Amino acid sequence: MPGTVKIDVEWCGICGSDLHEFEADTVSGYSPPVILGHEFAGTVSAVGDGVDHVRVGQRVAIEPFMYCQTCEFCITGDYHVCRDLSVVGVHNVGGGFAEQALVPAYTVHAMPDSVPFDIGALVEPITVGWHGMRKGNFGAGQTALVIGAGPIGLTTLLCAQAFDSAFTAVSVRRPGARADAAGRLGADAVIDSSSTDVVEAIMEMTKGRGVDVVFETSGAPEAMTTAVGAVRMGCTIVSLAVWLAPAPCDYMQVLLKELTIVGSKGYNKPDFPEAIAAIGDGRIRGAQEIITTRIGLDEVISGGFEVLADDRSSHVKILVSP
Ligand SMILES: [Zn+2]
Ligand SMILES: [Zn+2]
């Protein structure tokens with residue numbers, strides 16, 4: 001088909017938003033049948049007419065956003081806020097929980113040989129963290145608190161390290177696989193909010209200043225209160241979480257500390273190429289620690305969705321191979 005690429009899927013990750021779709025409190029508003037899976041990598045097996053940026057046999061990762069390509073946002077590369085945004089593996093184009101996927105060519109990014117396919121399946125969640133760095137103007141020598149140690153919390157930690165953070169703490173709601181992964185990935189501190197006051201701990205670690213940027217990835221009801229308390233005067237909170245309900249935030253503190261709160265939605269034009277390059281040249285390293293389980297496609301329900309739905313804290317990222 002013109003303008004499309006067929007992919008032999010190698011690995012596809014199960015995302016929290018797949019679980020929302022599966023559990024039917026759907027975020028997309030789109031109903032079955034749909035082939036889920038928007039975090040995948042594989043090999044190009046066919047290209048349609050007019051496709052010249054990838055060739056058959058090439059290793060690729062998919063940037064699953066689909067958009068109109070003509071509106072005021074799309075033409076500047078801000079397609080992530082296109083009014084016609086839809087997502088491969090969520091909406092009307094089947095995703096990576098399949099042997100093959102047929103996707104628009106513009107969603108396909110070549111990967112260097114140094115990026116294995118399993119890490120290729122993490123490019124999408126890593127890129128979410130990468131976009132968060134850009135939205136927070138995060139830079140070398142700065143300090144950060146990442147709230148939440150789910151897949152996006154952990155990829156955000158990796159990106160903060162790749163941006164040469166001086167100090168990155170991760171707060172978790174309970175001990176478990178996710179907290180352990182944050183430690184293995186080299187977080188400077190892992191703060192268990194079930195037993196420790198996160199704001200007090202951050203103030204102690206930063207000599208009372210607070211961190212330069214808080215990356216909120218948990219969507220937990222108390223998270224913005226923690227973020228506002230832990231961030232330094234005049235600094236920034238980046239909101240990356242999928243919030244399923246409005247959360248309280250002390251706007252008097254936002255005023256008194258003159259904070260900036262910025263949303264970070266997915267990724268836009270620079271992010272996929274930059275994140276793939278950073279994985280390829282080793283600035284982002286250790287991402288395999290995020291993969292806690294690997295299963296076959298025939299186990300995707302029993303060994304994947306149901307396992308995660310039962311107990312997210314015992315797993316981070318489950319990868320599926322057809
Ligand atoms: Zn996702
Ligand atoms: Zn558009």
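Predicted model: local features only at pLDDT ≥ 70, side-chain atom pairs only at ≥ 80, totals over all residues.
1. Met252, Leu255 and Leu256 together make a nonpolar surface patch of about 330 Å². Of these, Met252 sits in helix α8, which covers residues 251-256. Met252 is partly exposed, with a relative accessible area of 48%.

2. Now have a look at helix α3, residues 123-135. Its 13 residues reach 18 Å from the first C-alpha to the last, close to the 18 Å expected at 1.5 Å a residue. Is this helix mostly covered or mostly open? It is mostly covered, as eleven of the 13 residues are buried. Among them are Val123, Ile126, Trp130 and Met133.

3. Follow the chain just past α3 and you come to Asn137. This residue is in the loop between α3 and β8 (143-147). Asn137 counts as exposed, at 66% relative accessibility.

4. Which other loop residue deserves a glance here? Lys207 also has a positive phi, about 55 degrees, although it is not a glycine. You will find Lys207 in the loop between α6 (198-205) and β11 (211-216). With a relative accessible area of 77%, Lys207 is exposed.

5. How many salt bridges does a search of the whole structure find? The search finds nine. One of the salt bridges pairs Glu72 with Arg83, whose closest N and O atoms are 3.9 Å apart. Glu72 and Arg83 are eleven residues apart, both in the loop between β4 (65-66) and β5 (86-87). Both residues are exposed.

6. Asp118 is buried, with a relative accessible area of 14%, while Arg294 is partly exposed at 43%.

7. Finally, we return to α3 through Arg134. The side chains of Arg134 and Asp271 meet in a salt bridge of 2.8 Å, N to O. Asp271 lies in helix α9 (residues 271-280) and Arg134 in α3, so the pair ties together parts that are 137 residues apart in sequence. Is Asp271 buried or exposed? At 0% relative accessibility, Asp271 counts as buried. Arg134, at 30%, counts as partly exposed.

Conventions
Residues numbered from 1 in each chain as written. Chains lettered and ligands numbered in written order. Heavy atoms only, no water. Helix = DSSP H or I, 4+ residues; strand = E, 2+ residues; numbered from the N terminus. Expected span 1.5 Å × (residues − 1). Buried < 20%, exposed > 50% of the residue type's maximum accessible area, 1.4 Å probe, protein only. Patch = residues over 30% accessible without salt bridge, like charges linked within 9 Å, V, L, I, M, F, W, Y side chains within 5 Å. Areas by Shrake-Rupley, 256 points an atom, 1.4 Å probe, with all protein chains shown as cover. Salt bridge = Lys/Arg side-chain N within 4 Å of Asp/Glu carboxyl O.
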